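Subject: Structure handover

Dear colleague,

Here is the structure I said I would pass on. Please look it over before reading my notes.

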Amino acid sequence: MWTTENRPQYARDKLRYPSDVTDAEWEHIAPLIPPGKRGGRKRSVDLREIVNGLMYVLSTGCQWRYVPKDLPPRSTLFDYFDLWNWDGTLTRIHHALYMQCREAMGREASPTACVIDSQSVKGAEKGGAASIRTATTRGKRSRARSATSSSIR
């Protein structure tokens, strides 16, 4: 059984929220965040708090309007989420942490095997462009707008 006694490095009791990043995690994440834009005002937000806010939303699945008041404003969080999703920062952070976790468990950084079950194969065969018939089916017309339907009645 997995408990915090067995794995003290994963104890998150002292954090404000369980989704907040620890100091060790922040050391890995901070270099991956791009610097601010040149010119203009300097950043006035704490990037670690932005990451904590994004981790809260992503781990709890809450709506943006329900972000707690002690985290940065939802508009700021969403702007950074949108920007970092667009420029690939979130993908780089995920990849770096994923590789670090695998190495910490004594595995190779990138997996070398894949398991595909029969359900996945069946689902892949059914999907795709072959199953979509929107190009071959005619759109339905409203009877009210059709001249022939009104003359038949």
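This is a predicted model: local features need pLDDT of at least 70, side-chain atom pairs count only at pLDDT 80 or more; totals for chains, interfaces and linings use all residues.

Residues are numbered from 1 along each chain as its sequence is written, and side-chain values use heavy atoms, with hydrogens and water left out.

A salt bridge here is a side-chain nitrogen of Lys or Arg within 4 Å of a carboxyl oxygen of Asp or Glu. The count comes to 4.

D20 sits in the segment before α1 (23-29); helices are DSSP runs of H or I, at least four residues, numbered from the N terminus. D20 is buried at 5% relative accessibility, where buried means under 20%, exposed over 50% and partly exposed in between (1.4 Å probe, protein chains only). D20 forms a salt bridge with R16, with 3.3 Å between the closest N and O atoms.

R16 is partly exposed at 37%. Its side chain also meets that of E49 in a salt bridge of 3.0 Å, N to O. R16 lies in the segment before α1 and E49 in helix α2 (residues 47-60), so this pair ties together parts 33 residues apart in sequence. E49 is partly exposed, at 22%.

A salt bridge also joins D23 and R48, with closest N and O atoms 2.8 Å apart. Since D23 lies in helix α1 and R48 in helix α2, the pair links parts 25 residues apart in sequence. Salt bridges with shared partners join R16, D20, E49 and D70 into one network.

Regards

Definitions and conventions
Helices (H or I, at least four residues) and strands (E, at least two) are DSSP runs, numbered from the N terminus.
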